[in-house]
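Student: I'd like to learn how to read a protein structure. Please take me through one, feature by feature.

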Amino acid sequence: MINRRRLIARGLALAALPSLAPGLAPSLSPALAQPARRVVALGSDVAETLFAIGAGAAVVATDDTANFPAAAESLPKLGYLRSLAPEPIIAARPGLIIAADGAGPDAVLRQVESAGVTILRLPAGHAPADVAARIRLIGNAVGAAAAADRLARDVLARLALPLPARWAPPRCLLVLAQAPGRILAAGQNSAGDSFIRLAGGQNIFRADGYKPLSAEAAIAGTPAIIIVPSHVIGLAGGLERLKADPVFAGTPAGRTGRFHVVDSQAALGFGPRLPDAVAAARKALAPLAVLRAT
């Protein structure tokens, strides 16, 4: 059975935040005498990075959003990323907590710190350079700097791959949450908007952040394709049910059945799997971009 509460938590954990300020990263890594042996990962991208750089064996617990790889999914869960409690975290006996931006509440993290636990708070940001900076910070903190640097370079190189010549960005809508007749869409300055741009699309929704979008506004925006994170499919009860939503029915995407499903964390978590999600989205957008460019 689908865990509806966990699906909602995974979606809401993908909120938009500003970019990493230049020069900020080097000062954020905690001073550790030796690599941490018990690490708590707060944030899906944190857990994914730790396993990708070979430090997964040190991770003893994560928040509910960390569902990849399978080894991370099977670890003890400490609750929803943005509404944690101190007791389960302290009970995990961490030597180091690595916290994605937005983990908290902040008062809880301060309480955990007062118990003597070191916390590395990662900066926000949805530019490729921000993703690479977080990977390197995590690697430095757990004694895997070389592996983290290799991963960061690979992520940057793959995200820098150019779009085909004469690519005309298709009009896109990214849905973060859905209920019958109502949707929450990704506007400007959001992870969803950044993902659309990396994939070579144009976001039709001009609001700032994640906001409700009416059927009238969706139709007026004429999206050629609708990008749907996987957690939204779960909440809607399947892709076909979601396609039947009247909010989408009057759009070009709805009439042609152009819906592209992405892994929620890979596409919007802005971690190591982001290049995979971007490449898949570019492939889905390519027929529309070529048609508009000719």
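Tutor: Let's start with one word: a contact means heavy atoms within 4.5 Å. What you see is a predicted model, where local features need pLDDT of at least 70, side-chain atom pairs count only at pLDDT 80 or more, and totals for chains, interfaces and linings use all residues. Residues are numbered from 1 along each chain as its sequence is written, and side-chain values use heavy atoms, with hydrogens and water left out.

Student: What share of the contacts in the chain with a separation of 6 or more comes from residues 24 or more positions apart?

Tutor: That share is 63%.

Student: How many helices and strands does the chain have?

Tutor: Helices (H or I, at least four residues) and strands (E, at least two) are DSSP runs, numbered from the N terminus. This chain has 15 helices and ten strands.

Student: And how many of the residues count as buried?

Tutor: Buried means under 20% relative accessible area, exposed means over 50%, and partly exposed is in between (1.4 Å probe, protein chains only). Here 53% of the 294 residues count as buried. Threonine 65 sits in the loop between β2 and α3, and with a relative accessible area of 2% this threonine is buried. Aspartate 193, in helix α8 (residues 191-198), is buried too, at 4%. Leaving aside residues up to four places away in sequence, aspartate 193 touches Ala186, Gly187, Gln188 and Asn203.

Student: Which residues of α2 are buried?

Tutor: They are Ser44, Asp45, Val46, Ala47, Glu48, Thr49 and Leu50. That's seven of the nine residues of α2, so the helix is largely enclosed by the rest of the structure. Glycine 54 follows α2, with a positive phi near 85°.

Student: How do I describe two packed helices?

Tutor: You give the angle between their axes and the distance between the axes. Axes are lines fitted to C-alpha atoms, for helices over the stretch in contact, and angles run from 0 to 180 degrees between N-to-C directions. In this model, α2 (residues 44-52) packs against α6 (residues 128-141) at about 60°, with the axes 10 Å apart.

Student: What do we call that angle between α2 and α6: oblique or something else?

Tutor: Under 35 degrees counts as roughly parallel, over 145 as roughly antiparallel, 65 to 115 as roughly perpendicular, and the rest as oblique. The two helices are therefore oblique to each other. Asp45, Val46, Thr49 and Leu50 of α2 make the contact with Arg134, Ile135 and Ile138 of α6.

Student: How do the residues of that contact divide into nonpolar, polar and charged?

Tutor: Ala, Val, Leu, Ile, Met, Phe, Trp, Tyr, Cys and Pro count as nonpolar, Asp, Glu, Lys and Arg as charged, and the others, Gly among them, as polar. The contact of α2 with α6 has four nonpolar, one polar and two charged residues.

Student: At what angle do the axes of α6 and α7 cross?

Tutor: Roughly 170°, and the axes of α6 and α7 (residues 145-159) come within 8 Å. That makes the pair roughly antiparallel. By class, their contact has twelve nonpolar, two polar and three charged residues.

Student: Now strands. How do they pair in a sheet?

Tutor: They pair through backbone hydrogen bonds, either parallel or antiparallel. Two strands count as paired if DSSP finds at least two bridges between them. β1 (residues 39-42) pairs with β2 over three bridges, and valine 39 has valine 59 as its bridge partner.

Student: In what sense do β5 and β6 pair, parallel or antiparallel?

Tutor: Antiparallel: four bridges link β5 with β6 (residues 182-186), and valine 175 stands opposite alanine 185. The two strands form a hairpin with two residues between them, and glycine 181 in the turn has a positive phi of about 80°. β5 (residues 171-179) also pairs with β7 (residues 202-203) in the parallel sense over two bridges, while three bridges join β5 to β9 (residues 225-229), again running parallel.
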